Amino acid sequence: MVKAVLWPIVAFFLSQTLMAQEIKVEGKASVSQVYKKTVEAESALSFNDLDIESGYVLYQTEINTDTESEELELENVRDYAVVYVDGRLQGTLSDQDKTLTIIAEPGKHTLQFYVENIGRITYGPEITDNSKGLFGTVSLAGNELQNWKMIPLDVRNYPLKDLVFEQKAVNGGPGFYRGRFELNPSSKSYLNMTGWGMGEVWLNQKYLGSYWEEEKQQSILIPSEHLISGQNELVIFELKNNQQKKISLSPIPVFK
Amino acid sequence: MHEYKISIYKYVKMICVLGLLVQATLLKAQDVIDLSGTWGFQTDVMDFRRGSLSPRYNHVLQGTIKLPGITDDYQIGYQNPYKYIDRLTRKYEYMGPAWYQRDIEIPADWKGKKIFLYFERTHWLSSIFVDTKEVSSIDYVSVPHNHDLSSFLKPGKKHRITICIDNRFQYNTHKWNHAHTEFTQINWNGILGDMKLLAIDPVYVEDLQVYPDITDQSIKVKLRVNNATKKQVKGKISFAIAGTNYSLKNEIALASTDSVTYVETNIPLGKQIKLWDEFNPNLYRISCQLTTSDGKNSYRHEKSTTFGMREVKQGKNHVLLNNRPIHLRGNVENAVFPKTGYAPLDDASWERIMLLMKEYGMNHLRFHSWCPPAAAFRMADKHGIYFEVEMPMWGKDAEPDEARYNFFRREIKAILKEYGNHPSFVLYCNGNEITGNFDFIEELTAEGRKADPRHLYSGSTARTRVKSDQYYVSQQTNKGAVKVYEGQPGTDWDKNVESDVDVPVISHESGQRCIYPNFDEIKKYANSPVEARNFEVFRDLLQKNGMLDQAKDFFRASGALTVLEYKAVIEALLRSGKSAGFQLLSMNDFPGQGYAPVGIFDPFWDSKGLVTAEKFRQFCAPTVTLLRYDKSSFFNTETFRGKAEVYNFSNSAIENAKIKWWLTDTAGKVLQKGTLKKQTIANDSVSPVGKFEIPLKNISSQKVTVHLAVNDTIKNSWDIWVYPKHQDLMQSTANVLYTDVYDDVAKRQLAQGKTVVLYPSPDKIKGRKSLFHNHFWNPIMFAWAPMTIGNLVHHKQAMFKDFLTSYHTDWQWWDILNHAKVIEMQHAPQQLRPFIQVIDSYDNNQKLGIGFEAKLNGGKLLVMALDTKNDMDNRPATQQLLYSIDNYVKSAKFSPQVAVDETFIQSFLTK
């Protein structure tokens with residue numbers, strides 16, 4: 001009985017104050033829309049060799065597997081790579097964790113590394129080595145992988161209005177996601193990125209910030225001047241594709 | 001240890017007549033034996049304790065040393081034969097246990113007292129042996145070591161006190177932290193500052209913390225009273241608070257029934273109490289006199305501290321001090337003290353630095369991965385400088401290691417307790433660029449916030465954010481980069497959007513522009529524990545490469561570039577009103593990590609003579625006039641458009657400000673002038689104050705200066721360059737051949753004794769990229785291309801007759817240098833000096849150039865490694881330089897003196 005009385009009150013408060021506004025993600029634009037010119041080389045070239053200061057590069061090669069499970073090993077990745085085989089997420093790699101088991105039917109596959117450089121190393125013995133991206137030997141089941149295609153991604157500067165979104169996701173790889181929402185009155189809001197992998201966000205075509213699931217900080221402040229009355233549009237570039245279907249607003253910063 | 005609730009019997013308050021000096025007369029309640037002077041001494045590189053054989057404390061030590069001091073002062077240690085390149089070389093290296101010994105007679109009247117052995121600062125573990133027994137060891141880094149020897153010293157008896165100071169790393173912490181690094185101060189072994197044996201009554205004030213409440217104009221005083229008598233005591237605590245024209249007394253009763261009693265009391269201070277801030281650093285001193293009795297014996301003890309009435313809070317984008325936003329104009333302080341090899345413990349040394357900060361318009365110091373001694377806080381309290389202090393923590397120090405974690409857990413508490421009362425202690429951060437387990441970083445940060453709300457807290461600079469962060473020092477936020485390492489030729493940009501996150505954001509390690517070393521500094525190390533042997537190596541290499549006579553010019557030219565970069569960097573961060581401030585790296589040189597001469601001061605805090613304090617304050621001060629404009633180089637058909645702003649983080653708004661702009665030529669003659677609307681300029685913000693336009697037609701002096709002033713007192717200025725448009729540049733004549741290839745035509749022209757201007761496309765030239773900026777930090781640590789540190793322009797030579805330039809590059813060179821290539825010229829004849837000479841990394845010192853002239857095969861040759869083809873309609877300075885060179889090569893003044901052979905020309909051209 002008590003429950004019956006209390007619940008509407010609790011529900012009211014939740015809806016008014018505690019429950020964050022949720023935004024449904026509606027459509028995806030494939031990452032291939034922001035591909036820049038492909039560079040081909042025998043070995044994987046670092047960002048420096050590709051003349052890229054920071055951002056994202058897709059490293060791609062064809063593999064031929066003999067067994068269902070093979071060990072992938074890298075010599076260097078700076079700073080973070082999301083690994084896909086035929087568009088299916090296999091896992092992530094960083095300089096602290098440079099091996100990954102690839103699960104795929106024996107045969108020919110496309111192996112893709114989406115590599116992000118987060119920032120410059122500024123301490124420790126590695127300090128003199130300022131290479132970024134993927135470089136050195138990459139091997140699968142002990143065999144060195146060669147014949148790389150390197151495709152820089154124009155994530156930061158690509159005109160968002162030119163992206164073509166499709167309602168049904170065509171593949172499981174990285175991409176841009178879109179969500180639209182009517183604003184609930186709120187003086188200060190944060191976008192809660194909990195559940196998303198790594199990427200960047202724009203609101204109403206203005207850059208809002210970046211996120212990464214490995215960080216404790218899981219929210220991005222939305223400056224009130226970025227919000228418009230009526231419909232607001234979010235675009236999220238997601239590198240890892242955690243299959244998120246929605247995103248929420250929070251009145252306070254979110255840390256895990 | 002138990003905590004007992006105390007009862008306060010009475011509460012007495014009296015305010016003394018203002019101006020009346022109240023001298024508290026105390027009974028002799030504390031005895032001190034000053035321990036400075038000669039001590040027995042012995043090194044212990046074998047660490048005899050490990051073998052359990054003849055540890056040093058069993059013997060009379062054979063050598064002597066004077067304390068306070070360090071082993072380096074007495075040439076103790078490994079006489080260093082090396083010349084370190086990446087840092088100053090410590091002449092006598094010592095890292096290991098070292099033993100210090102003295103026989104001390106404990107006064108008989110110390111019976112029943114607590115006896116402490118106190119060292120103000122030591123590195124890093126101090127262990128005390130009384131006679132032959134180890135009785136105490138302390139491993140704090142940031143605070144004094146205060147050994148309680150009460151149970152081990154017998155009053156009336158002579159004891160042999162042997163001290164082991166072990167400056168080895170006691171925990172596996174990062175080796176670069178500035179408390180220990182050989183890169184700045186050295187990892188010394190010794191005892192510094194105040195060192196004494198003191199006896200106090202057994203009922204004493206162990207801790208005194210003062211928490212100001214500026215709203216109530218009161219202080220909360222928290223005391224920890226220790227009672228070693230094992231008896232119940234009763235008595236009173238008398239407070240005396242004094243400041244300029246201020247005096248107040250207050251008293252509370254105390255009853256203590258156990259070993260530790262916590263006392264907390266609020267003391268209203270009255271309306272006349274003044275706040276503390278950078279503009280009015282009003283200080284007060286509180287002394288607490290404890291008088292107790294157990295019915296038989298009575299005890300007295302006095303403890304005092306300085307405090308300031310100020311509160312620190314987290315604002316939206318700024319640190320709030322006394323509820324007002326402050327903007328931090330700061331320097332990264334890295335414990336650079338080559339004169340002594342250790343951070344000074346005396347007031348005068350620190351006062352000098354605080355006064356320099358003030359003189360150069362700064363209000364903030366970040367102590368990077370270390371915490372300074374009390375004298376630094378005292379002088380910052382006195383002069384109004386805001387500190388950020390840190391533990392000796394860096395890099396992977398947050399990776400799991402329970403012993404190391406426990407060290408940091410102790411250290412943070414010790415820092416907060418030891419220095420927490422200082423009003424200058426505004427910000428606390430655990431350390432620099434930390435990686436590892438951020439649950440641990442969050443734990444420390446949250447604990448700090450809970451323990452002491454007088455400071456704002458941050459988990460780590462420039463790394464993962466944590467929940468308890470109250471501010472964030474970083475190169476970037478999740479909104480983008482907030483670092484500013486270099487300027488731009490236009491100024492219409494800022495870091496507002498990137499700085500606007502959930503906490504105030506301070507731009508981390510801004511600046512870092514490398515200057516060529518000044519070899520004159522070598523002689524300054526004669527009496528230091530370190531020497532600039534790397535400078536000797538660099539100097540010898542420059543000499544070998546035939547350019548020693550240019551060392552000073554390289555220093556001056558790269559230094560001038562750093563100054564103009566710092567002006568641009570600081571102004572960009574002042575335009576960023578949503579930034580909480582910046583920390584420049586740095587005002588003084590950093591003599592490690594490869595050696596980074598990025599300062600306008602040398603490592604001794606002596607000016608390098610590159611910029612005056614007055615000039616520096618024009619762009620770094622509480623109030624600065626700012627100007628936004630698109631570019632620095634113009635055609636005289638264009639109009640200069642300026643958007644004026646005033647950065648005002650002073651202590652008041654500027655009422656009815658008169659704002660003027662004017663334009664002068666190089667002779668200082670006013671060419672044009674105007675005023676902006678008279679207005680009141682708000683405080684605590686960056687305000688747009690108006691726009692103005694200056695048509696640039698009829699300007700003939702090439703370089704002009706735009707000035708902007710508020711009330712004729714707050715002035716700033718910016719150089720811009722104005723050029724005529726040129727058509728049909730680089731036209732060959734019968735005598736002068738312009739060619740982008742060195743081919744048979746060119747060779748024939750030269751063979752005829754005529755002139756060739758060779759201007760290969762930069763992509764056809766081997767060699768390094770050309771850049772406007774000098775190298776970031778230093779080219780030894782960050783060995784990334786192009787490893788150059790600016791340019792020396794031979795500006796008095798005739799090819800620059802129609803192109804106004806100084807010996808150093810300025811913003812008009814932006815377009816020229818960013819579209820050029822650097823020719824490797826080390827194998828050209830030694831006498832050949834390029835007229836645009838690129839300054840190489842000082843550990844390489846090769847001759848480099850962008851433009852040079854020479855005799856070749858009987859003809860006259862001028863080579864320019866510049867792009868002269870792309871987008872020339874928008875490159876006024878490049879046009880003007882080509883025009884000037886054209887006039888030169890077609891004049892009788894063109895007469896190269898040094899002959900080169902063809903192989904040199906071929907050496908830098910791609911096939």
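**Reading the fold, feature by feature**

Guide: Let's begin with chain B: residues 24 or more positions apart account for 72% of its contacts with a separation of 6 or more. Two residues are in contact here if their C-beta atoms, placed from the backbone, lie within 7 Å. Keep in mind that this is a predicted model, where local features need pLDDT of at least 70, side-chain atom pairs count only at pLDDT 80 or more, and totals for chains, interfaces and linings use all residues. Residues are numbered from 1 along each chain as its sequence is written, while chains are lettered from A and ligands numbered from 1 in the order in which they are written.

Visitor: How do I read the radius of gyration of chain B?

Guide: The radius is taken over C-alpha atoms, and the globule rule is 2.2 Å times the number of residues to the power 0.38. For 911 residues the rule puts a compact globule near 29 Å, and chain B, at 32 Å, agrees with that. Along its principal axes, the C-alpha trace of chain B spans about 115 × 70 × 45 Å.

Visitor: And burial: what share of each chain counts as buried?

Guide: A residue is buried if 20 or more other C-beta atoms, placed from the backbone, lie within 10 Å of its own, exposed if 12 or fewer, and partly exposed in between. By that count 52% of the 911 residues of chain B are buried; in chain A, buried residues make up 32% of the 256.

Visitor: Is Val706(B) buried or exposed?

Guide: Val706(B) is buried, because 21 other C-beta atoms lie within 10 Å. This valine sits in strand β46 (residues 703-710) of chain B. Beyond its neighbours within four places in sequence, Val706(B) has contacts that include Leu627(B), Phe640(B), Trp661(B) and Trp718(B).

Visitor: Which residues have the most contacts inside the largest nonpolar core?

Guide: A nonpolar core is a set of buried Ala, Val, Leu, Ile, Met, Phe, Trp, Tyr and Cys residues joined through C-beta atoms within 7 Å. The largest one has 305 residues, and Ala81(A), Leu134(A) and Phe387(B) have the most contacts inside it. Helix α8 (residues 551-575) of chain B gives the most to this core, with 12 residues.

Visitor: How many residues of each chain are in contact across the interface?

Guide: There, 20 residues of chain B are in contact with 18 residues of chain A. The chain B side has nine nonpolar, five polar and six charged residues. For those classes, Ala, Val, Leu, Ile, Met, Phe, Trp, Tyr, Cys and Pro count as nonpolar, Asp, Glu, Lys and Arg as charged, and the others, Gly among them, as polar.

Visitor: In what order do the strands of the six-stranded sheet in chain B run?

Guide: Two strands pair if DSSP finds at least two bridges between them. In chain B the order is β5-β4-β10-β15-β12-β13, an open sheet with antiparallel pairing. Its edge strands, β5 (63-67) and β13 (133-138), each pair on one side only. Inside the sheet, nine bridges join β10 (residues 97-105) to β15 (residues 158-166), with Pro97(B) partnered by Asp166(B).

Visitor: Which strands of chain A pair with β18(A)?

Guide: Strand β1 (residues 22-30) of chain A pairs with β18 (residues 246-250) in the antiparallel sense over three bridges, and Ile23(A) stands opposite Ile247(A). Strand β13 (residues 189-192) of chain A also runs antiparallel to β18(A), joined by three bridges; there Asn192(A) has Ser248(A) as its bridge partner.

How values were computed
Helices (H or I, at least four residues) and strands (E, at least two) are DSSP runs, numbered from the N terminus.
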